[in-house]
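The following account leads the reader through the structure shown below. It begins with the aromatic rings and then turns to other features.

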Amino acid sequence: MANVEQHELKKRKVGSGTGEAVVTKLDAAPAMDHDEKKYAKVAMNAIAQESSLPDVYNPILPLLFTALALFTRLYRIGRSNIVTWDEAHFGKFGSHYLKREFYFDVHPPLGKMLVGLSGYLANYNGSFEFKSGEKYPEELDYVFMRVFNAMFGVLTVPLAYYTAAGLGFSPAAVWLVTLMVLCENSYATISRFILLDSMLLFFTFTTMFCLVQFHNQQPKPFGRKWWKWLILTGTSIGCVCSVKWVGLFATALVGIYTIDDLWQKFGDLKMPKVAYAKHWAARGAFLIVWPFLIYALNFYLHFTILENSGPGDAQMSSLFQANLKGTDLTSSPVEIMYGSRATIKNMGYGGGLLHSHVQTYPEGSQQQQITCYHHKDANNEWFFYPNRYEPEFSSEGELRNVRDGATIRLIHAQTGRNLHSHQVAAPVTKSAWEVSCYGNLTIGDDKDHWQVEIIDDLKHRDHSKLRTLTSAFRLRHPTLGCYLRAANVNLPQWGFKQVEVTCTKENDPKDVHTHWNVENHWNDKLPIGEAADYKSPFWRDFVHLNVAMMTSNNALVPDPDKQDDLASQAWQWPLAHVGLRMCSWDKNVVKYFLLGNPIVYWGSTASLGAFGLLVLWYLVRWQRSYQDLTRADFDHFHYAGFYPVLGWALHYIPFFIMGRVLYVHHYFPALWFAILTFGFVFDWLTRRLPGGAKVLVYGAAYVAVVGVFVYFSPVTFGMEGEAEKYKYLRWLRTWRIHGQE
Amino acid sequence: MAESPALRQRAGKKKATITTPEPEDLTAPYTKVTSGPKYSKKAYGIAVTVLTALAFITRFYRISHPAEVVFDEVHFGKFAAYYIQRTYFFDVHPPFAKLLFGFVGWLIGFDGEFKFENIGDDYVKNNVPYVLMRALPATLGALTVPIVFGIMQEANYGLPACVLAASWVLFDNAHIAETRLILLDACLVFSMAFSIYAYVCFMRHSKTPFTRGWWMWLMLTGLGLSSVFSTKYVGLFTYFTIGVGVLFDLWRLLDVNHGLTLPQFGKHFAARAWGLIIMPFCIYLFWFWVHFTVLSKSGPGDDFMSPEFQATLSDNPLTASSVPVYYGDVITLQHKDTKAFLHSHPGRYPLRYEDGRVSSQGQQVTGYPFDDINNHWRIHPGSPVRVAGDAILNGDLFKLEHVQTNTILLTHDVASPNYPTNQEFTTVPIVDANAGRFNDTVFELRMEKGKPGQPWRTKAGLARIVAKQYGVAMWTQNTKPLPDWGFKQQEINGNKAITQPSNIWYPASVVGPAEAERLATEPKKEVKTVPFLKKWWELQTAMIRHNNALTSEHPYASWPGSWPFLSRGVSFWTKDATREQIYLLGNPVGWIIASSTLAVYAGIALAQALTERRGVKVLSERDGRRIWEVTGFFVLAWAAHWIPFWGMGRQLFLHHYLPGHLCSSLVLGAVVEFIGSRIHEKAARIIGNGHDARKFKEEMARGVGMEEVMVTGLLGVLVWTFWWFAPVTYGTPGLDVEGVLGRKWMSTWDLHFAK
């Protein structure tokens, strides 16, 4: 925020003294000229005013750049006919939309729904499995699907052009920025496949673009265009967050801009209070509520489209699953009896199924692990058995209901061990007791006992009997007085990152993480019950799915035992220190290497440092009372320089504290802001150069950017044959373009 | 927030451009403007004396109880013992405070034989002069109280505010419990408070730069800072706090209206760089130098260091018993991380594993941590250039023969039992090995940081053993043992990730009389020396690495968000027989009030920022600046000692908040004075309406004001809670169930003996 504040100071100072002339000019501008484009130019383009270069708003150049983008993004797009890299994931997710089967993934649905749409348009029926490295079948028009994705990549180029123009860069700098996006190898590579990144980039670009357009409408608040760009900015935020959560960083950028803006308006003593309140209300409505609604709408569509039961069922609440078509949940007997086999679901947001497997705890009791698991398998099944003081269960005997208050045992169907707790600290949540699986039918003690406490029943007034799906119950450990609980805490690698199950000492009936319900229920002696006709409310499903996504995302941490050749570290990205092999490196495969244009990467990174030095230079000079900058200069520095740097920082620095596995493409949104910074710094440093020198400098820059792109184009357009052929591209030892290791 | 004061300053500058430039008074916020001093110097003197006396009483009361090892005395007592015995140890904290304990122990004649192994070990029986060792932190803890008083006084707060802030530390149960034991925190908190004190004094000398007083306080600030971060790295937060203050100060000096030329400014800059960066860092290094000088003998910390480093320690096994290995020798090979020996026995791998994969059914090769005849391997050349009796050099190819079964070690393209991605290790009879499988049996010696041709020696020869044919390194781990068929021993397999640090092995010994013979003929080895800076750098990086690795859970660990409102304590010590316990818990009322004050400050600051932005002047210039620059500095200190913990992955405990609590006490004093004076002024305006308001104000100033009333009330509550929680702070007397439950104000306080 330092610069924002400084800007404030500067404005005051200038306003009271030497800056008078500039201010007058600014205020007078609307009166002189009502053409909005030209107005924006006067306000933002103070530097380029005397330039003899052609008008940036002439549509011919952007059209030309877009045409070139069609080339860099589409050329040879169908050459590799195998499932490349994460197409294996996102293609598959697209298929699920076509088959309308419920699946689960850590990313929000918009991007994947668009992939599904592309498949729909390509007449694809969703039957292909998208196994990594597998050849696409004849009937699947993968080229169309890729082209659909690549169009998002193409559109980033005109967006880059108009964003740079809107920021008031000189035409030469606008072209430079556009060229840098156009000839960015990594952008061109990533948008050629069926992935979410081209969409994420597209919406990141639109967010910055809309923000710039909105900013340029600031002199005419509440005008038609002002509203238009405000709403579009909000829409863009909603979309970018609906593709990947990384979009929250773009949202933060808009948020900081808005706070900065409102704080300035707060100091404007002439502004009527009602107008000020209106500013707040407009932003609250269209930058908070509206994007949130768009985000929620995406989930609404997601739930609506995926109406059939599928591989992701187990991530959701039992009630949600019961409403999916083709689920086996509704064909269960209703009342649970002793001897019934059942799966038990945690009712907290993001809760999973009570699970055990033969692996043991490496510490604590070293007994068999108990976890919460989000996939359906036989290890989730439990038998309800009477406690050890009661007569042993016999399948011949009379059927007895499991009732509220009953003390039971739960026996793991696959291993025959009892759900057990004892005074051993749980592996992660040390303040609670560990829950394990112990003994068998005969070996064991009263620590295998659990008391059923029925809290609620969705359908029946009578809470005395335990029923499938509708009963919510807690399991109390009578000896320790603790309650069975699972609260989305991931176990370490030895527990396969599944969710920890503990016995909590606190008795909080409102804690839904201690609430459980029976999901599947099997008992041959009982009739199949009616389907539950209780709908799970949308907002509940929405929250539930988001919590589940967050939990899974947290589990995506690097495994210290495994060395992931593809993963990289955040510090490597701005230096283009590593690339990424997107497919097998066999000589018969068309090989793609995800590597940025080194000039763009190194140039943009250097410009960030240069920007810091420029700021320091002007600050020190200012403190020594040199009058270097006019008001217009200052505004330009603030909006066209500082905000891109802030955008870069917001999109980059959080990765240092993220625990999850990181890949080079996580830097792509940040790179866009770094490129804008480069444009700003380059423009700033060259604006005083005489015409001839300028032509020379820009010419050299264009040639370098385009030249290096062409030089590295094999990594983007696909390398055929022996990788050794492309040895010459290995500028850095860490770029694994050829060789085994 | 740091920027905001500049706002006001800008207003000054605007004036300056119109009228004649006038240097800004940097000390202004630190001076008082009230008509006459309400409290005499003597009153301050009496107050600080009483508080100090009370501090010593509260810290030394029954300091000999319990006569047992309590909580982390296990570590820090042990480290003192190591210093006294001069045996090398490794710890993640810098040496300063630990050296102090060692020094005190040495002074009072502690021999260091007792190693503080377990909580509850008896001091009296083991003849440990623990009371005198505890006296060091208790003294530092007691002296923290007058320092806090001093900070407030030097920052020109009234007597009530000074007493309030100092009492908040004086009567705090957590500060007391923590400083009565052999722990580092007393030293940390004392030096942290001292640094702030010295800095405030330094700021008071701003008007007279480069005088003796100015230099002295600058140097003392540097000294204080170096002591904080030579105690624990949390000290960097203090460094940051004062760093921000100094930068802010320099920024104003840079202002052209301040009248300094650039060379003059350069002088200011250089003085601070010397006093606050270079000198503290040199002192920091000095403590490491003392550390290395004292710890001259080999000890439990050897393993953390490189062989070159270990060679600088006397009696080190690496220097004492390392011999070269020759072809034909029978050796044992030990894994560096798990200490398991390479082992084989007649058992075979089962044909099918549980998951259905198939093995080679070859002879098992395992890792076994105990001495055993099956750990013996004869080493043969793997290439014709070497013959038996030659020295084994880095980069050599060799084969290993299992002596008991006469079989040759090999690895092949079969998945290992637990790791489908790693290669299985097994052995085959010599005949088979020489026939078709020669290539599978050849291993390459890749010594860690080895030079080509360097001879392989026992103990010191850390190396990776890489299968020539497949490029996999021999590896083992002890988290996932083999099933019953493998006798729960460790699995040995071939790891494709050769560079992993866990692939390191070394020859533990040469079996038979050869070792002793060779040792006898070895030239007598001197204890080597390594340049100090190199040693320091090695230790420094190892400390950072291990600090980051301290992520395991602890039953009493807590997260930073729970600290300000004290929702969890730490159980230090319990004694079942007498139902006594020490439970680290702050003074609950004290902590909650101090933390709430921060919210009050935020409210005041926000209101001030908003009104200022709207051009409304509520506070006088001086009051406004005090809010931003003095109280704001305390708030910054608090934030700097609290917020960074959120980003830390390591185990955190309540006592990490003690510096933060101290800062919040300073804020409390400042805010109470501010509120008191505001009420005062308001009252003067209302009541004095029609009368002479100014006269009224002066009268009020002489008598008992709002502030004194507030302070007295707060102190009453504070002392009562202190007294109420004293039994769990001092660990005596024991409490019955009712007594424990009566003190269990929050359900999350897991006090013992509640049942």
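Across all chains of this predicted model, a search of the whole structure finds 137 aromatic pairs. One of them is formed by Phe712(A) and Trp735(A), whose rings are 5.9 Å apart centre to centre with 75° between the planes, an edge-to-face arrangement. Phe712(A) lies in the loop between helix H20 (691-711) and helix H21 (713-717) of chain A, and Trp735(A) lies in the segment after H21, so the pair ties together parts that are 23 residues apart in sequence. Both Phe712(A) and Trp735(A) are buried.

Tyr44(B) belongs to helix H2 (residues 41-60) of chain B and Phe149(B) to helix H5 (residues 130-154) of chain B, so that the pair links distant parts of the chain, 105 residues apart. Tyr44(B) and Phe149(B) are both buried. Chain B also contains an aromatic cluster, which includes Tyr88(B), Phe229(B), Tyr233(B), Phe309(B), Phe532(B), Trp536(B) and Trp537(B).

Aromatic rings also meet charged side chains in chain A. Arg474(A) lies over the face of Tyr483(A), at 3.9 Å from the ring centre. In another such arrangement, the charged end of Arg687(A) sits over the ring of Trp684(A), 4.0 Å from the centre of that ring.

The cysteines come next. How many disulfides does the structure hold over all chains? The structure holds one, and this disulfide joins Cys482(A) to Cys503(A) with an S to S distance of 2.0 Å. The torsion about the S-S bond of Cys482(A) and Cys503(A) is about 95°, so the disulfide is right-handed. Cys482(A) lies in strand S10 (residues 482-490) of chain A and Cys503(A) in strand S11 (residues 499-504) of chain A; the pair therefore ties together parts that are 21 residues apart in sequence. Both Cys482(A) and Cys503(A) are buried.

Cys162(B) counts as buried because its relative accessibility is 0%. Cys183(A) is likewise buried, with a relative accessible area of 4%.

An unreviewed UniProt entry gives "transmembrane region" for several stretches of chain A, among them residues 194-214 and 599-620. Over residues 194-214 of chain A the chain is 86% helix and 0% strand, and the end C-alpha atoms are 32 Å apart. Residues 599-620 of chain A are 100% helix and 0% strand, with 31 Å between the end C-alpha atoms. For chain B, an unreviewed UniProt entry lists "domain: MIR" at residues 322-382. That stretch of chain B is 0% helix and 41% strand, and its end C-alpha atoms are 24 Å apart.

Chain B is divided into domain 1 (190-290), domain 2 (323-524) and domain 3 (557-755). The centres of domain 1 and domain 3 of chain B, taken over C-alpha atoms, are separated by 28 Å. The contact between these two domains takes 15 residues from domain 1 of chain B and 14 residues from domain 3 of chain B.

Notes: Residues numbered from 1 in each chain as written. Chains lettered and ligands numbered in written order. Predicted model: local features only at pLDDT ≥ 70, side-chain atom pairs only at ≥ 80, totals over all residues. Heavy atoms only, no water. Disulfide = S-S within 2.5 Å. Helix = DSSP H or I, 4+ residues; strand = E, 2+ residues; numbered from the N terminus. Buried < 20%, exposed > 50% of the residue type's maximum accessible area, 1.4 Å probe, protein only. UniProt positions renumbered as here; feature names shortened; annotations may be inferred. Phe/Tyr/Trp six-rings, centres within 6.5 Å; stacked < 30°, edge-to-face > 60°. Lys NZ or Arg CZ within 6 Å of the ring centre and 35° of its normal. Domains from an automatic or database assignment. Contact = heavy atoms within 4.5 Å.
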